[in-house]
Amino acid sequence: MEYILANPVAASIGTEKFKCTVVWRNGKFISDEPEIAGGKDLGPDPYTLLLSSLGCCTLATLRMYIDRKGWDIPQIAVAVNMFFKLEGEKKITVIDRDLNFLTPVTDEQRERLTQIAKVCPVSKILEGEIQVRTFAYTGTEVEKTHTYTNGEITVEWRPDLCKHAARCATQLPQVFNPSAKPWVNMDGATSKEIAEQVARCPTGALKVRD
């Protein structure tokens, strides 16, 4: 298993209702709810963020395809919205995506680009099978710590914080093997590879000693 992002998108919230700070690889932004929902509308709400990801992925995919074909289509726009409906007792989410080619295109181009939009990566995620895994932990300090070293770097493991999600074992199995004793083999990869993997630990159970 390998994550798409080198570092996860991280979000936090304080006491101000609905205002979340989202940190991504190149900065941060605010997510909020509209005033009608009790927020202050300081940033896009979660539904807007979801639809934005589909819209942007659609446009980027179309642009790459158009450029590869050498077609003269300088600008494309997309509008995305969603609603819910009931089919029996099942709640269905329907997303409408409206493509707007701001310069004339042929019927053949329109049909082909519509098909390409349907298979953009985010479309495939939304229409495929999705599993959401949730792990919970606290940021409290714990006393129990094990250390492992290769002479260059030292890795600390706090078992009380470890949720045993096996992410480290699937991403760098030559170093992290829960069935082995000791389960951390510091000779299994370079110090750089180990440090990069440790940095991905979501709970703080693994860390490189300063």
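Helices (H or I, at least four residues) are DSSP runs, numbered from the N terminus. The views below show a predicted model.

View 1. Most peptide bonds are trans.

**View 2. Helix 1 and helix 2 packed at an angle**. Two packed helices are described by the angle between their axes and the distance between the axes. For helix 1 (residues 46-69) and helix 2 (residues 107-118), the angle is about 130° and the axes are 9 Å apart. The two helices are therefore oblique to each other. The crossing of helix 1 past helix 2 is right-handed.

**View 3. A nonpolar patch on the surface**. The patch is formed by Ile-4, Leu-5, Val-9, Trp-24, Phe-29 and Leu-49, which together have about 570 Å² of accessible area. Trp-24 is part of strand 2 (residues 20-24). Its relative accessible area is 38%, so Trp-24 is partly exposed.

**View 4. Phe-18, a residue with positive phi**. Phe-18 is not a glycine, yet its phi is about 75°. Most residues other than glycine have a negative phi. Phe-18 sits in the loop between strand 1 (10-13) and strand 2. With 32% relative accessibility, Phe-18 counts as partly exposed.

**View 5. Asp-41, a residue with positive phi**. Asp-41 is not a glycine, and its phi is about 55°. The loop between strand 3 (27-31) and helix 1 contains Asp-41. Its relative accessibility is 48%, so Asp-41 counts as partly exposed.

How values were computed: Residues are numbered from 1 along each chain as its sequence is written. This is a predicted model: local features need pLDDT of at least 70, side-chain atom pairs count only at pLDDT 80 or more; totals for chains, interfaces and linings use all residues. Side-chain values use heavy atoms; hydrogens and water are left out. Patches are made of residues with over 30% relative accessible area and no salt bridge: like charges are joined within 9 Å, nonpolar side chains (Val, Leu, Ile, Met, Phe, Trp, Tyr) within 5 Å. Accessible areas come from the Shrake-Rupley method with a 1.4 Å probe; for residues, only the protein chains shown count as cover. A salt bridge is a side-chain nitrogen of Lys or Arg within 4 Å of a carboxyl oxygen of Asp or Glu. Buried means under 20% relative accessible area, exposed over 50%, partly exposed in between (1.4 Å probe, protein chains only). Axes are lines fitted to C-alpha atoms, for helices over the stretch in contact, and angles run from 0 to 180 degrees between N-to-C directions. Angles under 35 degrees count as roughly parallel, over 145 as roughly antiparallel, 65 to 115 as roughly perpendicular and the rest as oblique. A crossing is left-handed if the near helix is turned anticlockwise from the far one by less than a right angle, and right-handed if clockwise.
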